[in-house]
Amino acid sequence: MEQTKDHAGVSEAREPESDDLLVVDRIVERHRGEQGALIPVLQKAQQAFGYLSTEVIERIAARLEMPVSQVTGVVTFYSYFTTTPRGENTVRVCLGTACYVRSGKQVLEDLEKTLGVSVGETTADRCFSLEIGRCFGACGLAPVVMVNDDVHQRVKSTKLRELLEPYGCSNDVDGGPAAQSRGSTERNSTSGGSA
Amino acid sequence: MPTVNVNGRDVSARDDWSVLEAAQAAGYEIPTLCKMEGCSPLGACRVCMVEVEGQERLQAACSTPAFEGMVVKTNTPKVREALRTVVELLLSEHEGLCVFCDRDQDCELRQIAGNLGIHANPYEGAKPRRRFDDSVPGIFRDTGKCIKCRRCVQICNDVQGLGAIFPQGRGYDTVIGPAFGRSLSEVTCVQCGQCAAVCPVGAIGERNQIDEVWAALADPRKRVIVQTAPAIRAALGECFGYPPGALVAGKTNAALRRMGFDGVFETNFAADLTIMEEGTELLGRLAAQFRDHTRTHLPLITSCCPGWIAFAESLYPELMPYISTCKSPQQMFGTVAKTYYARSEDIDPADLVVVSVMPCTAKKAEAVRPEMYSSGYQDVDYVITTRELSTMINTLGLDFGELEAEEPDAPFGAATGAADIFANTGGVMEAALRTAHYVVTGRPLPGENLHVKPVAGLAGVKEAGVEFQNCREAWSFLEGVELSVAVAHGLGNARSLVESVRRGEKSYGFVEVMACPGGCIGGGGQPRMTSDEVRLARIKALYSDDEGKPSRASHENPHVQRLYDEFLEEPNSRIAHELLHVHR
């Protein structure tokens, strides 16, 4: 009988540990023994790495002594978490009820065309990631699109390129190299919360 | 004791009852596709909706506590309409035609739809992406049939403590499965099949081998023999209208002969053989500890259960030296069949097909492990579950109830009472102690009717102590030694037991583990649904079968004695080790 089987998450291998995993260990350590530690740990890990890699998820599961399937269950439940590397900017289209009925879905389809990616994907130049959200609490301004922490109100499909331009690294936005400046008069950074 | 009014009838509810239980007490069986006995309510399926007076919305009966003065209505137009819509929506995403499904006879969704008179699907439309996972030998997953009730998740996480599967994703796109879209072969799934045993539909089930068995039976070049595990006799009858615990070993033998098997045997013979090997191994380790004072591995841990073995290999590899090297009775039977039996019957083992009837899905995986070719061939060719056997009996059109009881064939014959109780939690332990105590002291195991009462029953972890007194001269070093033993069933309980030993809180000489709640009688391949009442009825039947046997201890089995005399020499001999043990 073989001594061990190579099962996910229970490998006995002692490989040199990457710095990333030590960062995960420190995050978990701060929440040790807490009820409901998983979500804050995932949030902090995503803040640290930009996304949650397989390696990071498995480490979190091992350190919190939870099944990997349960951790990925939570990661895939919340649209906030992502398992693919994000672009420099995250574009979130609200598909909450108010935004949905005020053509949020059309805005999303047009954004997919403009950026050339589907929901959950990142442009090849790593400039934009496209996500959907479920209500940012700005229903009166529907349809709403968030780019990073900026809330864009009453978004029109015809104005998407102008909306994206200030964040600028995409070669898809109006052709030429866009400015790196992120200042814009059209932004409204005062309302709304995080997704 | 709150008084609850259900459909105009007052019932006294217990304080911890839900509306579901109160309605049951009032004589109304509210349908549910997710609630399981002994598990907290999930409220996932929404099929148990009822009206509660004073509340605007319908409530899920399973997760709504009963309270004093509550007025519940289960049969109003609003309830019926909601229930109908819920079931229609479940059906609209449910893939596959009933007639091609393993569960066509006992699908809970189909039954509820039938009770509601739903005969058409009003919601034609998109269906979620379907994935069929047959990456392991024991069980399959078909996500297209899954209704996301989460019973399997609750069993795998809360009862078995494994967490191989969990809901992934959200809403319409939810898939019940392993992390990262992996297959069962890539995660710690031990194939115990408890998920398959509770699935209300055909989304998880055993990997069926019925066709292979019929093909072997029809092949004139093959001699096809069958072994039936001790758990079958107390459960198979349920598939033919008998109450749980009806003993049907004799009828099962008769049915297997009618199917055309050339030799009909019981795994019980190999259970007695296992006790000879494992008991000797235990006494050898006790001798090392108490006589030779050499380093040994105690507690000895049983190895009959392939679910437990897979669990230990994955999660506690450091335990492997403690686990008995004995193969399970199924595999011992297969090896002996393709060596001793083939020789004595003058059959080329290449033409001998060994079929097992097991209460278990993990046994299908065990049979194809690389260590299980000791005869030079795959020792056990096909493994079918109790449920698969019942299907085959129905295929043949046998009237099971009318069959006269028949005995198993020579040369293995009937076994002892000790082998009967191999199928229930605590039974392997008791069987081993009956023989070990006799070997050491020359007297039968003390205790009422040879039983070790503290290790019987459904408590999760059970302990007992057996003291050796007035030992035979050769075993005088065990004089006054108390062998402390522990028994766990259900892998969550097994984990607690292992952890308490690892922390140094507990210390034992001998430990029995069975992966399924109740032991093999509650296995993943047994007739559905298995409640504690069913488990207890099956266990009671096996103890009564045991008590009715002329021989109650494995060392008294004359067929086993003859096997040693003619072939295996003595327990733990070189040849016995080669054939009946694994070599780690």
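Mentor: A polar contact is a pair of N or O atoms within 3.5 Å; within protein, one must be able to donate a hydrogen and the other to accept it, and residues adjacent in sequence count only if both atoms are side-chain atoms. This is a predicted model, where local features need pLDDT of at least 70 and side-chain atom pairs count only at pLDDT 80 or more, while totals for chains, interfaces and linings use all residues. Residues are numbered from 1 along each chain as written, chains are lettered from A and ligands numbered from 1 in the order written, and side-chain values use heavy atoms, without hydrogens and water.

Trainee: Which backbone oxygen lies 2.9 Å from a polar atom of the side chain of Lys462(B)?

Mentor: That of Val455(B). The Lys462(B) side chain also reaches the backbone oxygen of Gly457(B), at 2.7 Å. Lys462(B) sits in strand S16 (residues 461–467) of chain B. Strands (E, at least two residues) and helices (H or I, at least four) are DSSP runs, numbered from the N terminus.

Trainee: Is Lys462(B) buried or exposed?

Mentor: Buried means under 20% relative accessible area, exposed over 50%, partly exposed in between (1.4 Å probe, protein chains only). Lys462(B) is buried and has no salt bridge. Its nearest side chain of opposite charge is Glu512(B), 6.1 Å away. For charge, Lys and Arg count as positive, Asp and Glu as negative; His and the chain ends are not counted. A contact means heavy atoms within 4.5 Å. Beyond four places in sequence, the contacts of Lys462(B) include Thr425(B), Pro454(B), Val485(B) and His489(B).

Trainee: How do I read a salt bridge?

Mentor: Side chains of opposite charge can pair when their charged atoms come close. The rule asks for a side-chain nitrogen of Lys or Arg within 4 Å of a carboxyl oxygen of Asp or Glu. Over all chains the count is 46. Asp133(B) and Arg141(B) form one, at 3.0 Å from N to O. Both residues are buried. Arg221(B) and Asp219(B) form another, at 3.1 Å. Here Arg221(B) is exposed at 63% relative accessibility, but Asp219(B) is buried at 16%.

Trainee: Which parts does the pair of Asp420(B) and Arg233(B) tie together?

Mentor: Their closest N and O atoms are 2.8 Å apart. Asp420(B) lies in helix H13 (residues 417–420) of chain B and Arg233(B) in the loop between strand S11 (223–228) and helix H7 (249–259), so the pair ties together parts 187 residues apart in sequence. Asp420(B) is buried at 0% relative accessible area, and Arg233(B) is buried at 5%.

Trainee: What does Leu568(B) touch?

Mentor: Leaving out residues up to four places away, its partners include Leu273(B), Ile575(B) and Leu579(B).
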